[in-house]
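Here are a few friendly notes to read alongside the model. I begin with the pockets and then move to rings and backbone.

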Amino acid sequence: MGKIAFIFPGQGSQTVGMGKEWAEKDEKVAAVFRQADERLQVSLSQLIFEGPQDVLTKTENAQPALLTTSIAFLQKVKEAGIAPHYVAGHSLGEYSALVAASVLSFSDAVYAVRKRGEFMEKAVPSGQGTMAAVLGMDEALLQQVVDEASTESSPVQLANLNCPGQIVISGAKEAVERASQLAKEKGAKRVIPLEVSGPFHSLLMKPAAEQFLSVLDTLAFQESAVPVISNVTAEPMTNPTEIKQRLVEQLYSPVRWEQSVQTMIDLGVDTFIEIGPGKVLSGLVKKINRHVNVYSIFDEASFTATVAAVKGE
């Protein structure tokens, strides 16, 4: 048996009702949702379970909601006796990975991502920044496209290197539009504008990163129990000082997801378990390497099936 990695989804996977059915039946799952409400002093669980979707999707709500749901599901995985050799998460999901690796307490992490969402939301006035997914173009060529489309006052850059042929670009609205047009002219199969509230993982997020550091400085970071693969470097990290630094950089740096998955495979991982709503990362992992085992835990039934498969029962 090879090594196991736990991976955690990022913003965009949120849906109204996620975790509700499980929380109603399972006290340990319900306790995590209650803990989030207590730390944030708001009824986040009610928003997660009942919506409305447009309020849940707001960055400052979506981020703590996704973290809470992922960590609620993680409690069950731990209880089943499955432990990871490595952990990773996509953007916001990196915070779930840090809780899984005992770097941050859940209570501190949910507070941190609430503030992260607020700062990201306010960093760029609404409508001035955006993101787009570029399909069917390699990284080197797309890098040339964004370099050509960028100006000092209106930048655009690579934001999420998700899997072969799927890269998200981010920046000032007009720069993203210029780069999108240019990418199509140079052979991209499709360019899809994303419905996001800001230019995440671009240099326009630097003001948010500076504010965010002051929040992280108030939290207790521990040595990582298992290595966390950094979004910024796609390398394992365990040192609390480095981890904090990378979380600040992560706000304005590309998410190197394809490389992160490849790093874990190179380190001997052959089983990936996505913990949290949806199956977005599972799909990306399969596109990166179709020979690894990929499981998703997004409700009680998928949990039971995964545990049976991983434990060979």
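1. The lining of the largest pocket takes at least three residues from each of domain 1 (3–123 + 204–311) and domain 2 (129–196); these domain bounds come from an automatic or database domain assignment. Please keep in mind that this is a predicted model, where local features need pLDDT of at least 70, side-chain atom pairs count only at pLDDT 80 or more, and totals for chains, interfaces and linings use all residues. Residues are numbered from 1 along each chain as its sequence is written, and side-chain values use heavy atoms, with hydrogens and water left out.

2. That largest pocket holds about 820 Å³ of space. A pocket here is an open set of points on a 1 Å grid over the protein atoms alone, where a 1.4 Å probe fits, with protein on both sides within 12 Å along at least five of seven lines; lining residues have an atom within 4 Å of a point. Volume is the space filled by probe spheres set on the points, which are joined across faces, edges and corners.

3. Which residues lie nearest the centre of the largest pocket? They are Gln11, Gly12, Ser13, Leu194 and Val196, out of 33 lining residues. Elements giving two or more residues to this lining include helix H5 (59–79), helix H7 (106–123) and strand E3 (129–135). H13 provides the largest share, five residues. Helices (H or I, at least four residues) and strands (E, at least two) are DSSP runs numbered from the N terminus. By class, the lining has eleven nonpolar, 16 polar and six charged residues, with Ala, Val, Leu, Ile, Met, Phe, Trp, Tyr, Cys and Pro taken as nonpolar, Asp, Glu, Lys and Arg as charged, and the others, Gly among them, as polar.

4. The second largest pocket has about 160 Å³ of space. Of its 13 lining residues, Glu139, Leu161, Cys163, Ile167 and Glu258 are the closest to its centre. E4 gives the largest share of the lining, three residues, and E4, E5 and helix H12 (257–266) each supply at least two. Both domain 1 and domain 2 contribute to the lining, so this pocket lies between them.

5. Now the rings: the whole structure contains four aromatic pairs. Phe33 and Phe49 have ring centres 4.8 Å apart and planes at 55°, so they form a tilted pair. For Phe, Tyr and Trp (its six-membered ring), pairing requires centres within 6.5 Å; planes under 30 degrees apart are stacked, over 60 edge-to-face and the rest tilted. Phe33 sits in helix H2 (residues 27–40) and Phe49 in helix H3 (residues 44–50), 16 residues apart. Both Phe33 and Phe49 are buried. Elsewhere, ring pairs join Trp22, Phe73 and Phe303 into a cluster.

6. His201 is in the loop between strand E6 (190–193) and helix H10 (206–216), while Ala234 is in the loop between strand E7 (228–229) and strand E8 (236–237). Are they buried or exposed? His201 is buried at 4% relative accessible area, and Ala234 is buried at 0%; buried means under 20%, exposed over 50% and partly exposed in between (1.4 Å probe, protein chains only).

7. Lastly, please check the peptide bond from Gly51 to Pro52, which is cis with omega near 5°. Pro52 belongs to the loop between H3 and helix H4 (53–56).
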